There are 2 protein chains.
Amino acid sequence: MTGAQLSVAFFLQMFFILAICRLVGVMARRIGQPQVVGEMIAGVLMGPSLLGLFLPEIQKAIFPEESLKFLFVGSQLGVGLYMFLVGVEFNTQLFRSRARSAAAVSISGMLVPFALGAILAFWLVKVPGLFSEKAKTFEAVLFLGAAMSITAFPMLARIIYERGLTGTALGTLALAAGAIDDAAAWCVLAIVLASFGAGAAVAVKAIAGGIAYGVLVLTVGRQLLRHLGAAAERAGKLTPSLLAITLMLFMLAAWFTDAIGIHAVFGGFLLGVAMPRGLFAAQLQRQLEPFAVVFLLPMFFTFSGLNTRLDMVNNAAMLLIALAVLLASCLGKGGACWAAARLNGEDNRTALAVGTLMNSRGLMELIIINIGLQKGVIQPPLFSIMVLMAIVTTLMASPLFECVYGRHARRTGKLGLAPADA
Amino acid sequence: MTGAQLSVAFFLQMFFILAICRLVGVMARRIGQPQVVGEMIAGVLMGPSLLGLFLPEIQKAIFPEESLKFLFVGSQLGVGLYMFLVGVEFNTQLFRSRARSAAAVSISGMLVPFALGAILAFWLVKVPGLFSEKAKTFEAVLFLGAAMSITAFPMLARIIYERGLTGTALGTLALAAGAIDDAAAWCVLAIVLASFGAGAAVAVKAIAGGIAYGVLVLTVGRQLLRHLGAAAERAGKLTPSLLAITLMLFMLAAWFTDAIGIHAVFGGFLLGVAMPRGLFAAQLQRQLEPFAVVFLLPMFFTFSGLNTRLDMVNNAAMLLIALAVLLASCLGKGGACWAAARLNGEDNRTALAVGTLMNSRGLMELIIINIGLQKGVIQPPLFSIMVLMAIVTTLMASPLFECVYGRHARRTGKLGLAPADA
């Protein structure tokens, strides 16, 4: 395909992606689900699990082979920028304000699903076709552990914000615990990816490079970045030059973490955490979020969906594995978080709500398993099972939350309105 | 290259592009030039005219062959979205308020450069290697005519806005005349592209399709789009769903006009003109412009610069042609507009200012000649000469404007501050 043909194909493809993602998203919101659930499902529908199964010619026409690389790069940019913006919103103060409960919930919400994931991995690593043949047992264990203990942190933050729970015990607790869990899970993933590289030198490069990057960005980097914040305050806005510098730094961060063998999302997220707060952060969100969330993220959901082959989960053995993964993830995450919150003196309703919110995997799970697939740790069948798990746990969150907390809290005036169009 | 390698290369490439464009842009602003001049020059510097000439290995490492298609698609999206936003800002009221002068200036500013361009084309079409061998004389004449009579309309609008001239005689006159000229030039270009397609059927498809699209979008489309505006007013903001619908429509418009053989920028621009005004337009600008202008447009400048081969303008004959093109464009556009404004009773200072502003070609010229190169109407040497002309006329605009109008107007309090960071 020439560049001109590719750009014609791109415009049509993006129309299709935006239309399907929005359509399924609207349907999801009709039944009380967040937009992200709809887009996760939309991605799967556009892939070989539905469109490719029934209308393979149309699917090929909309997603010609050569355009997939382009879709991949766009989706990498999308999740990278998205995680950067999550980092910009990240509130490190939260750790301090409710430390004990948060520590207990997050440690349980990490260790229990990690342990269950690890046990599962010992079994699944022997089933052919799930993990890559190159994957050693400890890598499989660590990867599945990390994938099980992840939380849809940005989604959690959004639900809490939209329902007006930001200042409440529940909100603070869930946010702090979710943040700690996600940070830990990403660290484990970084170790897996580093170890999965070819040989010790590559692993050392990844681990040492990653640590050096993190330390540098969060210390010296944060200090230097303050100048950007001050410049924005002086100008009274985020000028195009400041935005350009920020995007340059993001590109550099994404390139560096990608090049040393971890992943662009790490670079983006840590850079976001180090960015100045206040006017600068608020305007950065306002200027980048619409395009990143509405335009680029659907590319990611679609790319992820194109790799999801639900037709591979078509026999008793695979269904059993899918069920075991789902059960382990719900019991491990939701159950453990509820128990930890109860043991730390939260009332039952709050504890149940924390468990429900923490159990939702959302976009984060898709990101982590896409990295696993892309780097060759897992293979399409296990990837598809994990996609199912991510969708089901995310679908469960809203109705369960309503059931155990929302309805009651709204009756007693403790909760704001239902989530708006997001 | 695998998708993963391509995305690593992309992050590094974008860092480089953003850095060079911003750097040269800042230097341009230091000497009183607008950012866009800097980015035009930055693109040329990154191409074979400088970086590729002296450091070919580094240039190849930053811009690997396979990444160029990606850069092309990104740049098409960038100019398409940019022209869409220009359309959204386009004020059709302007035509009415100062119709007579505007008509005179715009008709002279169109006919004279068109005539000079046409005369040049009769000569240049005989010089081998400038126009494509497939190009018939009348196509060469129309193309060069259109390319000569183009005005940097969005830049003109920005200069007028930034200097606080929006409501003045000069501002209204230049804006209205510039808008009419650009619209006419794009129509001529559409005819050239349509005729340049293989055979009559293709030309009919392009012309009929283009007219049908334009009529449909500006009548029925505009009516239907009002609902989007009303929905935004009801919600008090441009919700993500409304933004997604707008982007979907843009993709469809870009795809359609690209597929029928004119160009995505037409589809984008006309759709933008048809978009509802008020809150909707303001928020659309705010949500899309930062990313489109700061991130995507530099991709276009770079792609354009990678095609610019100033080393081909290296002998007396070529330099003579370049000089003739430059003289014809300045006399034809600047001179004719000044004369027309004088004849319509504007004072000399205002008339000179109008001529100066109208003479600047800016980004618009780059867009039109890139289309010409991409569709095979012109070849690299003529393309490079036209890039030079675009840069020189754009460089001239700011100091000349200061000289003939700005300094005096500022002394007499008729002018706002110098342009801010844009």
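Is A:Cys337 buried or exposed, and how many C-beta neighbours does A:Cys337 have inside 10 Å? A:Cys337 has 33 C-beta neighbours inside 10 Å, and therefore counts as buried. The model in which this residue is examined is a predicted one. The residue itself belongs to helix α15 of chain A, which covers residues 316–343.

The view may now widen to chain A as a whole. Chain A contains 18 helices and zero strands. Its C-alpha trace spans about 55 × 55 × 50 Å along the principal axes. For 422 residues, a compact globule would have a radius of gyration near 22 Å, and the value for chain A, 21 Å, agrees with this. Of the 422 residues in chain A, 59% are buried. Contacts in chain A can also be sorted by separation in sequence: among those between residues at least 6 apart, 80% join residues at least 24 apart.

Helix α12 of chain A, formed by residues 240–259, has 20 residues and reaches 28 Å from its first C-alpha to its last, close to the 28 Å expected at 1.5 Å a residue. In α12(A), 14 of the 20 residues are buried, so this helix is largely enclosed by the rest of the structure. After α12(A) comes A:Gly261, whose phi is positive, near 100°.

Ten of the twelve residues of α16(B) are buried, so the helix is largely enclosed by the rest of the structure. Among these buried residues are B:Thr350, B:Leu352, B:Val354, B:Leu357 and B:Asn359.

B:Ile385 lies in helix α18 of chain B, residues 380–411. Because 26 other C-beta atoms lie within 10 Å, B:Ile385 is buried. Apart from residues up to four places away in sequence, B:Ile385 touches B:Val313, B:Ile321, B:Ala322 and B:Val325. B:Leu319 is 66 residues from B:Ile385 in sequence, and 8.6 Å from it in space, C-alpha to C-alpha. B:Ile160, in helix α9 of chain B (residues 153–162), is likewise buried, with 21 other C-beta atoms within 10 Å. The C-alpha atoms of B:Ile160 and B:Leu175 are separated by 8.1 Å, while the two residues are 15 apart along the chain.

How do helices meet within chain B? Helix α1 of chain B (residues 3–30) and helix α14 of chain B (residues 279–306) pack at an angle of about 90°, with axes 10 Å apart. The two helices α1(B) and α14(B) are therefore roughly perpendicular to each other. On the side of α1(B), the residues are B:Ile17, B:Leu18 and B:Cys21; they meet B:Pro298, B:Met299, B:Phe301 and B:Thr302 in α14(B). Six of the residues in this contact of α1(B) with α14(B) are nonpolar, one is polar and none is charged.

In total, 42 residues of chain B are in contact with 42 residues of chain A. On the side of chain B that touches chain A, α1, α5 (67–89), α12 (240–259) and α14 of chain B each supply at least two residues. The largest share of that side, 13 residues, comes from α1(B). By type, the residues on the side of chain B that touches chain A comprise 31 nonpolar, seven polar and four charged.

Conventions:
Residues numbered from 1 in each chain as written. Chains lettered and ligands numbered in written order. Predicted model: local features only at pLDDT ≥ 70, side-chain atom pairs only at ≥ 80, totals over all residues. Axes fitted to C-alpha atoms, helices over the stretch in contact; angles between N-to-C directions. Helix = DSSP H or I, 4+ residues; strand = E, 2+ residues; numbered from the N terminus. Parallel < 35°, antiparallel > 145°, perpendicular 65-115°, else oblique. Contact = placed C-beta atoms within 7 Å. Nonpolar A, V, L, I, M, F, W, Y, C, P; charged D, E, K, R; others polar. Rg over C-alpha atoms; globule rule 2.2 N^0.38 Å. Expected span 1.5 Å × (residues − 1).
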